Amino acid sequence: MGLFSPNDDSAFKAPAEVYNWRVYALAISASMGSSMFGYDSAFIGGAMSLPAFKTRFGLATAKGTELAALKANIVSTFQAGCFFGAILCYWMSEKLGRRIPLMICGCVFNIGVIMQMASSGTIGLIYAGRAFTGLGVGASSLIVPQYISECSPPAIRGRLIGVFEIVLQFSLVIGFWVNYGVNQNVSPTSDSQWHIPFAIQFVPGCLLVILMFFQPESPRWLLKNNRDEQAIKNLTYIRQLPVDDAYLQWEIETVKEQIQLEFDSGANESFVKKLRAVFSPGIRNRLAIGMSLMMLQNLSGINALNYYSPTIFGSIGFKGTSVGLLATGVFGLVKAFATLGFMIFGIDKLGRRKSLMIGSVGALFAMYYLAGFSNLSGSFDGNAKQDAGAYVAIVMIYLFAIFYAMSWNGIPWIFCAEVFPTGTRSVCLVFTTCTQWLGQFIIVYSTPYMMNNIKYGTFIFFGSSLVVGMIFVILFMPETKGLSLEDMDIMFNMSGLAHGKRAKTDAIISERRVADDMDRSGIKNDREVVEQVEKAV
């Protein structure tokens with residue numbers, strides 16, 4: 001099997017035609033939503049260290065707790081917007097589908113950018129604009145993985161949802177390096193120094209609107225809403241298969257059967273009845289795992305590094321705006337290329353569970369080193385020197401980026417996008433996505449205060465959270481790679497801990513596959529008997 005070859009373990013082997021350019025174009029188009037997320041996460045931390053921005057908005061004269069509060073407010077208004085965006089988009093994704101709401105997200109995001117660009121020393125407009133961009137990002141972060149998951153063949157679903165994370169990471173890189181570029185080349189007394197990185201937000205917002213205009217609606221959403229003709233048309237386009245192809249017919253019938261089961265359990269009823277379905281056995285355990293993964297992802301410390309990396313690099317002895325932004329840019333490159341390599345070559349081969357365990361071990365080692373170095377060197381008090389220990393600390397941050405990229409970076413998003421039933425998926429994703437944004441809000445708001453008060457204990461907290469995350473994965477998270485969205489019900493209706501669930505699920509699917517083959521064989525034999533009787537008569 002080649003490096004790029006899909007590993008198809010589904011009940012019905014997909015023909016080679018389904019692994020075509022259209023599913024990748026669909027994933028890239030939708031992932032402009034994650035580009036909005038990634039660029040915004042990266043550029044704002046560096047922008048707050050630009051001399052022109054600091055002078056214009058009062059960061060240059062603020063000290064201590066006042067400065068920490070100002071930074072926390074600028075960053076966290078975005079997360080607050082994201083939290084409410086994830087809630088408000090539920091109705092849109094249920095009633096309007098996936099495609100049109102994503103285009104609306106891009107428009108709302110651009111309104112927020114306009115508000116930020118219109119600010120000229122008025123910090124309130126920065127807060128309001130970041131809240132609006134947060135609304136767009138929060139809503140799209142719920143819809144994008146869902147849309148890609150619903151359109152993906154099972155064997156490459158992890159890779160395609162991983163495009164969400166790849167685009168996010170390379171947008172992070174752009175955000176980091178734009179700040180370095182304007183700091184080096186634009187006058188620190190000119191507002192252009194901060195206008196340029198803020199204005200580049202328009203690019204992913206506009207691309208999301210334009211590219212999604214040309215993409216089809218989710219076939220699963222169309223089938224759920226009794227628009228079968230359009231669903232079949234869209235699926236034949238995405239899969240590049242004729243309408244009468246056996247695999248296409250099997251996929252349509254499987255989705256219909258799953259939707260009917262969900263309707264029978266109340267998934268097509270009112271929101272209250274859907275909530276009851278969400279908390280029913282077999283679904284509530286998936287929801288608990290998904291919400292836990294989202295929270296644990298944030299407690300790992302990645303968003304502290306994303307949003308406050310220049311400050312963190314300064315805390316381990318690397319002072320100066322240019323030095324901090326340069327080190328931050330390299331951090332973004334390391335994380336982006338590690339993510340790219342893993343999402344292309346590893347996610348659907350190594351799997352979700354094993355990747356999280358390996359990545360947690362490497363990341364927690366890096367965090368504990370940073371804690372020890374910061375304590376011994378007194379770096380948070382400005383006493384650190386650029387000696388061998390400091391350079392090893394830099395390496396540890398980059399090592400953390402590599403191990404994080406292969407584990408907590410994208411897998412929580414992939415897991416949540418692939419495990420929930422079609423009828424309750426939107427409701428479940430509201431819970432998991434809001435947990436993500438709540439976790440981000442807690443961390444980005446707390447980090448400046450943590451660095452001021454508990455200092456090296458900040459890294460101990462993040463490392464210990466990774467230990468908890470690894471134990472949680474070992475006990476409760478089963479392996480989901482390669483399963484069709486409809487086969488998830490089999491695994492998550494089993495009792496017990498996670499370790500043996502996948503093997504039992506594969507055994508059940510194999511038995512069903514044999515039974516289906518026998519049924520098809522039986523039908524064929526019956527037809528042969530009829531033909532023979534007709535000839536004899």
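1. Helices here are DSSP runs of H or I with at least four residues, numbered from the N terminus. This is a predicted model: local features need pLDDT of at least 70, side-chain atom pairs count only at pLDDT 80 or more, and totals for chains, interfaces and linings use all residues. Residues are numbered from 1 along each chain as its sequence is written, and side-chain values use heavy atoms, without hydrogens and water.

2. Start with helix α3 (residues 51-57). F53 and F57 sit four residues apart in α3, so about one helical turn separates them. An α-helix has 3.6 residues a turn, so residues three or four places apart point the same way.

3. Next, the rings. Rings of Phe, Tyr and Trp (its six-membered ring) pair if their centres lie within 6.5 Å; planes under 30 degrees apart are stacked, over 60 edge-to-face, the rest tilted. The count is 25 aromatic pairs. F53 and F57 have ring centres 4.7 Å apart and planes at 40°, so this pair is tilted.

4. Are these two residues, F53 and F57, buried or exposed? Buried means under 20% relative accessible area, exposed over 50%, partly exposed in between (1.4 Å probe, protein chains only). F53 is buried at 0%. F57 is buried at 6%.

5. Helix α19 (residues 388-405) holds F400 and Y404, four residues apart. Their ring centres are 5.7 Å apart and their planes at 20°, so the pair is stacked. Both F400 and Y404 are buried.

6. Ring pairs also build a cluster: Y39, F43, F53, F57, W194 and F198.

7. Helix α2 (residues 32-47) has 16 residues. It is mostly covered, with 16 of its 16 residues buried.

Note on methods. Helices (H or I, at least four residues) and strands (E, at least two) are DSSP runs, numbered from the N terminus. The expected span of a helix is 1.5 Å times one less than its number of residues.
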